[in-house]
Amino acid sequence: MSSLQQYFEGKIDFEGQRLVERISYYAVIELAIFAFFVGFMFQRIGITFLILGLGIAAILVVVVPPWPMFNQHPITWLPSKETKEKRE
């Protein structure tokens, strides 16, 4: 149970967040251009929306789960300092 919970917790580092942002940004732009041209070639807006929907679903599968490639630079936090209240 704990391994399943650990998997779904979703820890990624700041570099992983930057990578997810870049992947999703550029992939959506390229997908929109591709879908527009394919829809324009076939003169069917339904094909355009189908390509966009399937492409967005594929992008979500790539960027939403916390894949290990998004946690390659884990953050090491400083140890907490004891306060006066904790010592008493």
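**View 1. Phe-36 and Phe-40 lie about one helical turn apart, because they are four residues apart in helix α2 (residues 14-42).** Helices here are DSSP runs of H or I with at least four residues, numbered from the N terminus. This is a predicted model, in which local features need pLDDT of at least 70 and side-chain atom pairs count only at pLDDT 80 or more, while totals for chains, interfaces and linings use all residues. Residues are numbered from 1 along each chain as its sequence is written, and side-chain values use heavy atoms, leaving out hydrogens and water.

**View 2. The structure holds three aromatic pairs.** Rings of Phe, Tyr and Trp (its six-membered ring) pair if their centres lie within 6.5 Å; planes under 30 degrees apart count as stacked, over 60 as edge-to-face and the rest as tilted. Tyr-25 and Tyr-26 make an edge-to-face pair, because their ring centres are 5.1 Å apart and their planes stand at 80 degrees. For Phe-36 and Phe-40, the centres are 6.0 Å apart and the planes at 20 degrees, so this pair is stacked. Together with Phe-37, these two phenylalanines form one aromatic cluster.

**View 3. Here we look at the accessibility of Phe-36, Phe-40 and Ile-29.** Buried means under 20% relative accessible area, exposed over 50%, and partly exposed in between (1.4 Å probe, protein chains only). Phe-40 counts as exposed because its relative accessibility is 52%, whereas Phe-36, at 48%, counts as partly exposed. Ile-29, whose place is in helix α2, is partly exposed, with a relative accessible area of 37%.

Definitions and conventions. Helices (H or I, at least four residues) and strands (E, at least two) are DSSP runs, numbered from the N terminus.
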